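Open the structure in your viewer and switch to a cartoon view. The stops below say what to select next and what is there.

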Amino acid sequence: MADVLVYVDHVDGAVRKPTLELLTLARRIGEPVAVALGAGAEATAPVLAEHGAVRVLAADAAEFAEYLVVPKVDALQAAYEAVAPVAVLVASSAEGKEVAARLAVRIGSGLITDAIDLEAGEEGVVATQSAFAAAFTTRSRVSKGTPVITVKPNSAPVQAAPAAGAVQTLAVVFGSASTGTKIVSRIPRESTGRPELTEAAIVVSGGRGVNGAENFALIEALADSLGAAVGASRAAVDAGWYPHANQVGQTGKSVSPQLYIASGISGAIQHRAGMQTSKTIVAINKDAEAPIFDLVDYGIVGDLFDVIPQLTDEINTRKG
(Lines give C-alpha, C1' and ligand atoms only; values in the text may rest on other atoms or scores of the structure.)
Protein backbone atom coordinates (compact mmCIF):
# COMPACT_ATOMS: atom_id res chain seq x y z
CA MET A 1 0.00 0.00 0.00
CA ALA A 2 1.03 3.59 -0.57
CA ASP A 3 2.31 5.73 2.30
CA VAL A 4 0.25 8.46 3.96
CA LEU A 5 2.14 11.19 5.80
CA VAL A 6 0.69 12.13 9.20
CA TYR A 7 1.92 15.27 10.97
CA VAL A 8 2.15 14.57 14.71
CA ASP A 9 0.75 17.04 17.22
CA HIS A 10 2.48 16.39 20.54
CA VAL A 11 3.76 18.14 23.64
CA ASP A 12 7.19 16.91 24.78
CA GLY A 13 6.45 13.43 23.48
CA ALA A 14 2.82 13.21 24.67
CA VAL A 15 0.75 12.62 21.53
CA ARG A 16 -2.52 14.54 21.36
CA LYS A 17 -5.77 12.76 20.54
CA PRO A 18 -6.38 14.34 17.08
CA THR A 19 -3.15 12.74 15.81
CA LEU A 20 -4.39 9.29 16.83
CA GLU A 21 -7.61 10.00 14.95
CA LEU A 22 -5.55 10.93 11.88
CA LEU A 23 -3.83 7.54 12.07
CA THR A 24 -7.24 5.84 11.97
CA LEU A 25 -8.16 7.76 8.82
CA ALA A 26 -4.73 7.26 7.26
CA ARG A 27 -5.11 3.48 7.50
CA ARG A 28 -8.20 3.72 5.30
CA ILE A 29 -6.18 5.08 2.40
CA GLY A 30 -2.69 3.65 2.91
CA GLU A 31 0.06 2.97 5.43
CA PRO A 32 0.62 5.77 7.97
CA VAL A 33 4.08 7.31 8.19
CA ALA A 34 4.22 9.74 11.13
CA VAL A 35 6.33 12.90 11.23
CA ALA A 36 7.23 14.00 14.77
CA LEU A 37 9.19 17.19 15.34
CA GLY A 38 10.77 18.94 18.31
CA ALA A 39 11.59 17.92 21.87
CA GLY A 40 10.37 14.42 22.65
CA ALA A 41 9.84 13.49 18.99
CA GLU A 42 11.30 10.00 19.35
CA ALA A 43 9.33 9.41 22.54
CA THR A 44 6.12 9.52 20.50
CA ALA A 45 7.04 6.32 18.66
CA PRO A 46 5.49 3.69 21.00
CA VAL A 47 2.07 5.37 21.02
CA LEU A 48 2.17 6.04 17.28
CA ALA A 49 3.17 2.43 16.58
CA GLU A 50 0.34 1.16 18.79
CA HIS A 51 -2.10 3.11 16.62
CA GLY A 52 -0.82 2.07 13.21
CA ALA A 53 2.27 4.07 12.26
CA VAL A 54 4.58 1.83 10.23
CA ARG A 55 7.38 4.38 10.49
CA VAL A 56 8.09 7.47 12.57
CA LEU A 57 10.26 10.16 10.99
CA ALA A 58 11.69 12.16 13.88
CA ALA A 59 13.65 15.39 13.97
CA ASP A 60 14.64 17.70 16.79
CA ALA A 61 16.28 21.09 16.42
CA ALA A 62 16.21 24.39 18.28
CA GLU A 63 14.47 26.03 15.32
CA PHE A 64 11.23 24.17 16.01
CA ALA A 65 10.88 25.80 19.44
CA GLU A 66 12.50 29.17 18.79
CA TYR A 67 10.68 30.21 15.61
CA LEU A 68 7.16 30.11 14.23
CA VAL A 69 5.79 27.50 11.81
CA VAL A 70 8.26 27.79 8.89
CA PRO A 71 10.85 25.34 10.33
CA LYS A 72 8.06 22.78 10.72
CA VAL A 73 7.05 23.32 7.11
CA ASP A 74 10.69 22.78 6.07
CA ALA A 75 10.67 19.47 7.94
CA LEU A 76 7.32 18.33 6.57
CA GLN A 77 8.48 19.17 3.06
CA ALA A 78 11.63 17.09 3.64
CA ALA A 79 9.44 14.19 4.77
CA TYR A 80 7.19 14.60 1.74
CA GLU A 81 10.16 14.46 -0.61
CA ALA A 82 11.59 11.40 1.16
CA VAL A 83 8.35 9.42 1.27
CA ALA A 84 6.36 10.50 -1.84
CA PRO A 85 3.01 9.89 -0.06
CA VAL A 86 -0.45 9.69 -1.59
CA ALA A 87 -1.68 12.25 0.96
CA VAL A 88 -0.52 14.46 3.83
CA LEU A 89 -2.80 14.66 6.88
CA VAL A 90 -2.68 17.41 9.50
CA ALA A 91 -4.99 18.15 12.44
CA SER A 92 -7.25 21.18 11.90
CA SER A 93 -5.81 23.47 14.55
CA ALA A 94 -4.83 27.06 13.83
CA GLU A 95 -1.17 26.06 13.53
CA GLY A 96 -1.99 22.89 11.64
CA LYS A 97 -3.91 24.79 8.98
CA GLU A 98 -1.04 27.23 8.49
CA VAL A 99 1.51 24.42 8.21
CA ALA A 100 -0.71 22.57 5.72
CA ALA A 101 -1.35 25.66 3.60
CA ARG A 102 2.32 26.58 3.41
CA LEU A 103 3.24 23.00 2.49
CA ALA A 104 0.59 22.86 -0.25
CA VAL A 105 1.96 26.05 -1.81
CA ARG A 106 5.52 24.73 -1.72
CA ILE A 107 4.78 21.39 -3.35
CA GLY A 108 2.23 22.79 -5.82
CA SER A 109 -0.67 20.73 -4.50
CA GLY A 110 -4.30 21.23 -3.64
CA LEU A 111 -5.43 21.85 -0.05
CA ILE A 112 -8.61 20.64 1.65
CA THR A 113 -9.40 21.98 5.14
CA ASP A 114 -11.68 20.79 7.94
CA ALA A 115 -12.41 17.36 6.48
CA ILE A 116 -14.63 15.12 8.59
CA ASP A 117 -14.02 11.85 6.72
CA LEU A 118 -11.62 10.36 4.16
CA GLU A 119 -11.80 7.49 1.72
CA ALA A 120 -9.75 6.11 -1.15
CA GLY A 121 -11.31 6.85 -4.53
CA GLU A 122 -10.46 5.67 -8.02
CA GLU A 123 -8.94 9.06 -8.84
CA GLY A 124 -7.38 9.80 -5.47
CA VAL A 125 -8.26 10.51 -1.87
CA VAL A 126 -11.80 11.83 -1.37
CA ALA A 127 -12.53 14.09 1.59
CA THR A 128 -15.94 14.78 3.11
CA GLN A 129 -16.53 18.30 4.42
CA SER A 130 -19.36 20.17 6.10
CA ALA A 131 -20.02 23.46 4.28
CA PHE A 132 -22.08 26.65 4.66
CA ALA A 133 -22.63 26.33 8.41
CA ALA A 134 -23.15 22.57 7.98
CA ALA A 135 -26.16 23.10 5.70
CA PHE A 136 -24.42 20.99 3.05
CA THR A 137 -22.05 18.04 3.00
CA THR A 138 -19.50 17.95 0.18
CA ARG A 139 -17.16 15.27 -1.15
CA SER A 140 -14.00 16.68 -2.72
CA ARG A 141 -10.63 15.70 -4.10
CA VAL A 142 -7.75 17.82 -5.27
CA SER A 143 -7.17 18.15 -9.00
CA LYS A 144 -3.44 18.79 -8.80
CA GLY A 145 -0.58 17.19 -6.90
CA THR A 146 -0.66 15.28 -3.63
CA PRO A 147 -3.63 16.23 -1.43
CA VAL A 148 -2.77 18.09 1.76
CA ILE A 149 -5.76 17.66 4.08
CA THR A 150 -6.55 19.06 7.51
CA VAL A 151 -9.04 17.02 9.54
CA LYS A 152 -11.33 18.29 12.30
CA PRO A 153 -10.87 16.72 15.74
CA ASN A 154 -13.39 14.02 16.71
CA SER A 155 -13.93 13.05 13.06
CA ALA A 156 -12.76 9.47 13.61
CA PRO A 157 -12.44 7.07 16.55
CA VAL A 158 -9.08 6.31 18.13
CA GLN A 159 -8.35 2.68 17.27
CA ALA A 160 -5.39 0.53 18.25
CA ALA A 161 -3.73 -1.19 15.28
CA PRO A 162 -0.21 -2.25 16.28
CA ALA A 163 2.46 -1.66 13.64
CA ALA A 164 6.25 -1.55 13.49
CA GLY A 165 6.65 2.16 14.24
CA ALA A 166 10.33 2.06 13.31
CA VAL A 167 12.03 5.35 14.19
CA GLN A 168 14.05 7.01 11.46
CA THR A 169 15.95 10.29 11.71
CA LEU A 170 14.58 12.93 9.36
CA ALA A 171 17.28 15.16 7.85
CA VAL A 172 16.03 18.74 7.60
CA VAL A 173 17.67 21.70 5.88
CA PHE A 174 16.17 24.96 7.11
CA GLY A 175 15.61 27.71 4.56
CA SER A 176 16.43 31.37 5.02
CA ALA A 177 12.79 32.15 5.83
CA SER A 178 12.72 29.72 8.75
CA THR A 179 14.27 32.22 11.16
CA GLY A 180 12.21 35.19 10.01
CA THR A 181 9.88 35.27 13.02
CA LYS A 182 11.37 34.50 16.43
CA ILE A 183 9.36 33.54 19.49
CA VAL A 184 10.53 35.83 22.29
CA SER A 185 8.32 34.62 25.15
CA ARG A 186 5.66 32.09 26.09
CA ILE A 187 2.93 32.40 28.70
CA PRO A 188 1.49 29.03 29.74
CA ARG A 189 -2.29 28.90 29.55
CA GLU A 190 -3.87 28.47 32.96
CA SER A 191 -5.11 24.91 33.31
CA THR A 192 -8.76 24.36 34.25
CA GLY A 193 -8.41 20.60 34.47
CA ARG A 194 -11.01 20.27 31.71
CA PRO A 195 -10.46 18.83 28.22
CA GLU A 196 -9.28 21.04 25.36
CA LEU A 197 -12.41 22.55 23.79
CA THR A 198 -11.76 21.44 20.20
CA GLU A 199 -10.78 17.91 21.24
CA ALA A 200 -13.40 17.19 23.90
CA ALA A 201 -15.87 14.34 23.48
CA ILE A 202 -18.50 16.37 25.37
CA VAL A 203 -18.98 20.15 25.32
CA VAL A 204 -21.38 22.16 27.50
CA SER A 205 -21.92 25.71 26.25
CA GLY A 206 -23.69 28.71 27.71
CA GLY A 207 -25.18 31.70 25.91
CA ARG A 208 -27.07 34.92 26.52
CA GLY A 209 -29.61 33.05 28.63
CA VAL A 210 -26.97 32.39 31.31
CA ASN A 211 -27.42 36.07 32.16
CA GLY A 212 -24.08 36.89 33.75
CA ALA A 213 -20.51 35.74 34.33
CA GLU A 214 -21.32 34.54 37.84
CA ASN A 215 -23.93 32.13 36.45
CA PHE A 216 -21.41 30.29 34.29
CA ALA A 217 -20.65 28.35 37.47
CA LEU A 218 -23.79 26.34 36.61
CA ILE A 219 -22.40 25.52 33.15
CA GLU A 220 -19.04 24.59 34.65
CA ALA A 221 -20.62 22.34 37.26
CA LEU A 222 -22.56 20.42 34.61
CA ALA A 223 -19.45 20.18 32.44
CA ASP A 224 -17.37 18.87 35.35
CA SER A 225 -19.98 16.22 36.18
CA LEU A 226 -19.66 14.94 32.60
CA GLY A 227 -15.91 15.40 32.21
CA ALA A 228 -16.67 17.95 29.50
CA ALA A 229 -15.18 21.13 28.11
CA VAL A 230 -16.94 24.48 28.55
CA GLY A 231 -17.95 26.61 25.58
CA ALA A 232 -19.70 29.94 25.16
CA SER A 233 -21.68 31.75 22.49
CA ARG A 234 -20.49 35.00 20.96
CA ALA A 235 -23.14 36.92 22.90
CA ALA A 236 -21.78 35.59 26.18
CA VAL A 237 -18.19 36.33 25.20
CA ASP A 238 -19.00 39.83 23.90
CA ALA A 239 -20.72 40.56 27.20
CA GLY A 240 -17.51 39.67 29.01
CA TRP A 241 -19.01 36.67 30.79
CA TYR A 242 -16.52 34.08 29.51
CA PRO A 243 -13.12 34.15 27.74
CA HIS A 244 -12.92 34.37 23.97
CA ALA A 245 -10.76 31.23 23.97
CA ASN A 246 -13.95 29.31 24.78
CA GLN A 247 -16.13 30.85 22.08
CA VAL A 248 -17.83 28.37 19.78
CA GLY A 249 -18.97 29.56 16.37
CA GLN A 250 -17.97 31.09 13.08
CA THR A 251 -15.78 33.72 14.76
CA GLY A 252 -14.62 31.34 17.49
CA LYS A 253 -13.72 27.68 17.55
CA SER A 254 -15.28 24.85 15.60
CA VAL A 255 -16.12 21.75 17.63
CA SER A 256 -17.47 18.33 16.70
CA PRO A 257 -17.94 16.37 19.94
CA GLN A 258 -19.96 13.24 20.53
CA LEU A 259 -22.33 15.30 22.71
CA TYR A 260 -22.98 19.06 22.61
CA ILE A 261 -25.24 20.68 25.22
CA ALA A 262 -26.37 24.22 24.37
CA SER A 263 -27.73 26.10 27.38
CA GLY A 264 -29.49 29.42 26.92
CA ILE A 265 -28.30 29.67 23.31
CA SER A 266 -30.80 30.79 20.67
CA GLY A 267 -29.07 29.08 17.76
CA ALA A 268 -27.91 31.95 15.56
CA ILE A 269 -26.31 30.84 12.29
CA GLN A 270 -22.83 31.95 13.36
CA HIS A 271 -23.01 29.69 16.43
CA ARG A 272 -24.40 26.78 14.46
CA ALA A 273 -21.45 27.04 12.10
CA GLY A 274 -19.14 26.05 14.93
CA MET A 275 -21.03 23.08 16.40
CA GLN A 276 -23.49 21.69 13.88
CA THR A 277 -21.35 18.66 13.06
CA SER A 278 -21.63 17.44 16.67
CA LYS A 279 -22.85 13.85 16.76
CA THR A 280 -25.65 14.46 19.32
CA ILE A 281 -26.99 17.92 20.18
CA VAL A 282 -29.10 18.77 23.24
CA ALA A 283 -30.59 22.23 23.84
CA ILE A 284 -31.97 23.78 27.01
CA ASN A 285 -33.96 26.95 26.39
CA LYS A 286 -37.11 28.46 27.85
CA ASP A 287 -38.16 29.81 24.41
CA ALA A 288 -39.90 26.97 22.59
CA GLU A 289 -39.52 28.89 19.31
CA ALA A 290 -35.73 29.30 19.57
CA PRO A 291 -34.02 28.36 16.26
CA ILE A 292 -31.69 25.97 18.12
CA PHE A 293 -34.59 23.50 18.44
CA ASP A 294 -34.65 23.07 14.64
CA LEU A 295 -31.19 21.54 14.89
CA VAL A 296 -31.15 19.41 17.99
CA ASP A 297 -31.58 15.70 18.61
CA TYR A 298 -33.10 16.37 22.05
CA GLY A 299 -34.63 19.59 23.33
CA ILE A 300 -35.65 20.69 26.81
CA VAL A 301 -38.02 23.67 26.98
CA GLY A 302 -37.38 25.10 30.41
CA ASP A 303 -35.46 27.59 32.50
CA LEU A 304 -31.80 26.57 32.55
CA PHE A 305 -31.59 27.76 36.17
CA ASP A 306 -34.07 25.00 37.06
CA VAL A 307 -32.96 22.33 34.59
CA ILE A 308 -29.17 22.41 34.87
CA PRO A 309 -28.88 22.04 38.68
CA GLN A 310 -31.28 19.06 38.57
CA LEU A 311 -29.40 17.52 35.65
CA THR A 312 -26.05 18.00 37.38
CA ASP A 313 -27.33 16.49 40.63
CA GLU A 314 -28.79 13.48 38.80
CA ILE A 315 -25.54 12.85 36.93
CA ASN A 316 -23.50 13.08 40.12
CA THR A 317 -25.94 10.74 41.90
CA ARG A 318 -25.71 8.15 39.14
CA LYS A 319 -21.92 8.37 39.22
CA GLY A 320 -22.16 7.36 42.86
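Helices, taken as H or I runs of at least four residues in DSSP, are numbered from the N terminus. Keep in mind on this tour that the model is predicted.

**Stop 1: T24**

Select residues 17-29, which make up helix α1, and find T24 in that helix. Is T24 buried or exposed? Its relative accessible area is 3%, and buried means under 20%, so T24 is buried. Now show what surrounds T24: setting aside neighbours within four places in sequence, the contacts are A156, P157, V158 and Q159.

**Stop 2: the open sheet**

Colour the strands next. An open sheet is formed by 9 strands, in the order β9-β8-β7-β10-β6-β1-β4-β5-β11, with mixed pairing. Which strands stand at the edges? They are β9 (136-140) and β11 (166-169); each has a single partner strand, so one side of each has no neighbour in the sheet. On average, neighbouring strands of this sheet are turned by 35° against each other, direction ignored.

Strand β8 (residues 124-131) is joined to β9 by 5 bridges, and the two run antiparallel. To see this pairing residue by residue, select A131, whose bridge partner in β9 is F136. Then select Q129, which stands opposite T138 in β9. Of the 5 residues of β9, the number buried is 0, so this strand lies largely in the open.

**Stop 3: helices on the sheet**

Select residues 70-83. This is helix α4, which lies across β1 (3-7), β4 (31-37), β5 (55-59) and β6 (87-91). Helix α4 runs at about 170° to β1.

**Stop 4**

In soluble globular proteins, nonpolar side chains tend to be buried together. Here, the largest nonpolar core has 30 residues. Which of them touch the most other members? Select L48, V56, L89, L118, I149 and V151. Helix α1 gives this core its largest share, 6 residues.

Centre the view on L118. Not counting residues up to four places away in sequence, L118 touches L25, R28, I29, L89, V125, V126, A127, I149 and V151. Then move to a second, separate core of 25 residues, which includes A75, L76, A79 and V90.

**Stop 5: strands β12 and β13**

Select residues 202-206 for β12 and residues 229-232 for β13. These strands run parallel and are joined by 4 bridges. G206 stands opposite A232 in β13. From β12 the chain crosses through helix α6 (residues 216-226) to β13, and this β-α-β crossover is right-handed. Look at both faces of β13: A229 and G231 on one side are buried, and so are V230 and A232 on the other.

**Stop 6: V248**

Select V248, placed in the loop between α7 (234-238) and β14 (259-263). With a relative accessible area of 0%, V248 is buried. Show its contacts beyond four places in sequence: L197, S205, G231, A232, K253, V255, Y260, H271, G274 and M275. How far apart in space are V248 and G274? From C-alpha to C-alpha the distance is 5.5 Å, while in sequence they are 26 residues apart.

**Stop 7: aromatic pairs**

A pair of aromatic rings is described by the distance of the centres and the angle of the planes. The count of aromatic pairs here is 2. Start with F64 and F174, an edge-to-face pair at 5.5 Å centre to centre, with 75° between the planes. F64 lies in helix α3 (residues 62-66) and F174 in the loop between β11 and β12, so the pair ties together parts 110 residues apart in sequence. F64 is buried, with a relative accessible area of 7%, whereas F174 is partly exposed, at 24%.

Finish with F216 and Y242. Their ring centres are 4.5 Å apart and their planes are at 20°, so this pair is stacked. F216 lies in helix α6 and Y242 in the loop between α7 and β14, so parts 26 residues apart in sequence are tied together. Both F216 and Y242 are buried.

Technical notes
Residues are numbered from 1 along each chain as its sequence is written. This is a predicted model: local features need pLDDT of at least 70, side-chain atom pairs count only at pLDDT 80 or more; totals for chains, interfaces and linings use all residues. Side-chain values use heavy atoms; hydrogens and water are left out. Buried means under 20% relative accessible area, exposed over 50%, partly exposed in between (1.4 Å probe, protein chains only). Contact means heavy atoms within 4.5 Å. Two strands pair if DSSP finds at least two bridges between them. Axes are lines fitted to C-alpha atoms, for helices over the stretch in contact, and angles run from 0 to 180 degrees between N-to-C directions. A crossover is right-handed if, with the strands pointing away from the viewer, the path from the first strand over the helix to the second runs clockwise. A nonpolar core is a set of buried Ala, Val, Leu, Ile, Met, Phe, Trp, Tyr and Cys residues joined through side-chain atoms within 4.5 Å. Rings of Phe, Tyr and Trp (its six-membered ring) pair if their centres lie within 6.5 Å; planes under 30 degrees apart count as stacked, over 60 as edge-to-face and the rest as tilted.
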